[in-house]
Amino acid sequence: MLTAGPSEDWRHSLRAMEPVRVVVAGCGLVAEFSHLPALAKLADDVEVVGLVDPSPVRREICARRAPLAATFADLGDALAALSPDEVVVASPAEFHLENTLASLGAGAHVICEKPMALTSAACTEMIGAAEAADRLLGVGLMRRFFPSVQAIASIVSNGVLGAPVSFAVLEGVPFGWPGKSAHPFRRGAGGGVLFDSGPHLVDVLLFWFDDLELADYADDAMGGVEANCRFRLTGAGGVTGTVRLSRDTFLSNRHLIQCERGWVIYQYDVSDRFYWGWNGSPTANCVMLSEPGWDRPMWASPDPQLQVPRALSAAFVAQHRNMTDAIRGTASLLVSAREAAAGIALLESCHASRRLMDMPWMDPDEIARATELERKIPA
């Protein structure tokens, strides 16, 4: 079984005062503006020794954030030359499996960006490789590090407002990530809103609620990748939930949890507060939370599309600190690979049972053609 912390036979080989030597595999925007700034915040504990990307332009850009790192076009070359303690797999999702297996096989611990993989079978293979290598496998589901998400988990699990009855999730903004490849729009590469936004969302829901299962799923892929999807879930104790995700529409971006005696509202990507109230009471209560460093932005950019909110910046720092501590044997991984794999299994079941969303603005001929295209999409 994959353990939460490292085993004794190699734990002491990494002296407490030595930095963890990290290779970042994939020099896209998530590496440039999230992982590398977070690792720089932990410079006393972490040393970025290598950057890997097939694009020399992207390697050069990311090297500005890690000027002492060697650069490579191929991950295998980097692993052979550097023998890192850890690899951050930040490549496009379709390469997560091969990059993770190569890194684990070279004796490195891994943080793999979301989605962990594109299939449950790939997740199983990754977990098996981590167990065989006796190395840690973390997954970049950084919302778990939000104080608000953790506090709500405690409220739900402890029954503070009574047992959960239902939840409703609306998350949607027009797609504006200035990506450097077409992967977000390709089937088979993790394209579409479900495998883009869904891993974070589903991980939070599985953290809050037990034994969630899919009841129904529909999207608007129509032969391509979905910009919108809706699904229903059921969980332990009879809790039911609805989710809507969108890449082309502004939604309210909130999660409402209805419990027996009260309710909780979590606002999308708001890390330091949430709202709650008693059923039947006109009063809404705001709970303010804080952790050291969460009030300080990590970096700024003149491009408004690249302004990472301070909450996300702090979550990436917390995630990398957690991995460093777990490597040294002083902490457990907050997000285990098995938990991440459970989320992928749920998303996979969505695509396997997909049907066409109701779109009343379409005429009968358009609906017939859209339904035909939807049926041709492989699960």
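User: Leaving aside neighbours within four places in sequence, which residues is cysteine 112 in contact with?

Analyst: Contact means heavy atoms within 4.5 Å. With neighbours within four places in sequence set aside, cysteine 112 is in contact with Val89, His96, Thr100, Met126, Gly138, Val139 and Gly140. This is a predicted model: local features need pLDDT of at least 70, side-chain atom pairs count only at pLDDT 80 or more, and totals for chains, interfaces and linings use all residues. Residues are numbered from 1 along each chain as its sequence is written, and side-chain values use heavy atoms, with hydrogens and water left out.

User: Is cysteine 112 buried or exposed?

Analyst: Buried means under 20% relative accessible area, exposed over 50%, and partly exposed in between (1.4 Å probe, protein chains only). Cysteine 112 has 0% relative accessibility, so it counts as buried. Cysteine 112 belongs to strand 5. Threonine 100 is twelve residues from cysteine 112 in sequence, and their C-alpha atoms are 7.1 Å apart.

User: How many helices and strands does the chain have?

Analyst: Helices (H or I, at least four residues) and strands (E, at least two) are DSSP runs, numbered from the N terminus. The chain has eleven helices and 14 strands. It has 379 residues, of which 51% count as buried. Take the contacts between residues at least 6 apart in sequence: 68% of them join residues at least 24 apart.

User: In what order do the six strands form their open sheet?

Analyst: Strands of a sheet pair through backbone hydrogen bonds, either parallel or antiparallel. Two strands pair if DSSP finds at least two bridges between them. Here the order of the six strands is 3-2-1-4-5-6, with parallel pairing. Strand 3 (70–72) and strand 6 (137–140) are the edges, each pairing on one side only. On average, neighbouring strands of this sheet are turned by 25° against each other, direction ignored. Strand 2 (residues 46–52) and strand 3 run parallel, joined by three bridges. Threonine 71 in strand 3 stands opposite leucine 51.

User: Which strands does helix 4 lie across?

Analyst: Helix 4 (residues 75–82) lies across strand 1 (20–25), strand 2, strand 3 and strand 4 (86–89). Its direction is at about 165° to strand 1. Helix 5 (residues 96–105) also packs on the sheet, touching strand 4, strand 5 (109–113) and strand 6. Helix 5 makes about 170° with the direction of strand 5. Axes are lines fitted to C-alpha atoms, for helices over the stretch in contact, and angles run from 0 to 180 degrees between N-to-C directions.

User: At what angle do helix 2 and helix 3 pack?

Analyst: Two packed helices are described by the angle between their axes and the distance between the axes. Helix 2 (residues 29–41) and helix 3 (residues 56–63) pack at about 15°, with axes 10 Å apart. Helix 2 is therefore roughly parallel to helix 3 (angles under 35 degrees count as roughly parallel, over 145 as roughly antiparallel, 65 to 115 as roughly perpendicular and the rest as oblique). Leu29, Glu32 and Leu36 of helix 2 meet Arg58, Ile61 and Cys62 of helix 3.

User: In what order do the eight strands form their open sheet?

Analyst: The order is 8-9-10-7-11-12-13-14, and the pairing is mixed. Strand 8 (213–219) and strand 14 (285–288) each have a single partner strand, so one side of each is left without a neighbour in the sheet. The twist from one strand to the next averages 15°. Strand 8 and strand 9 (residues 228–234) run antiparallel, joined by six bridges. Cysteine 229 in strand 9 stands opposite aspartate 219.
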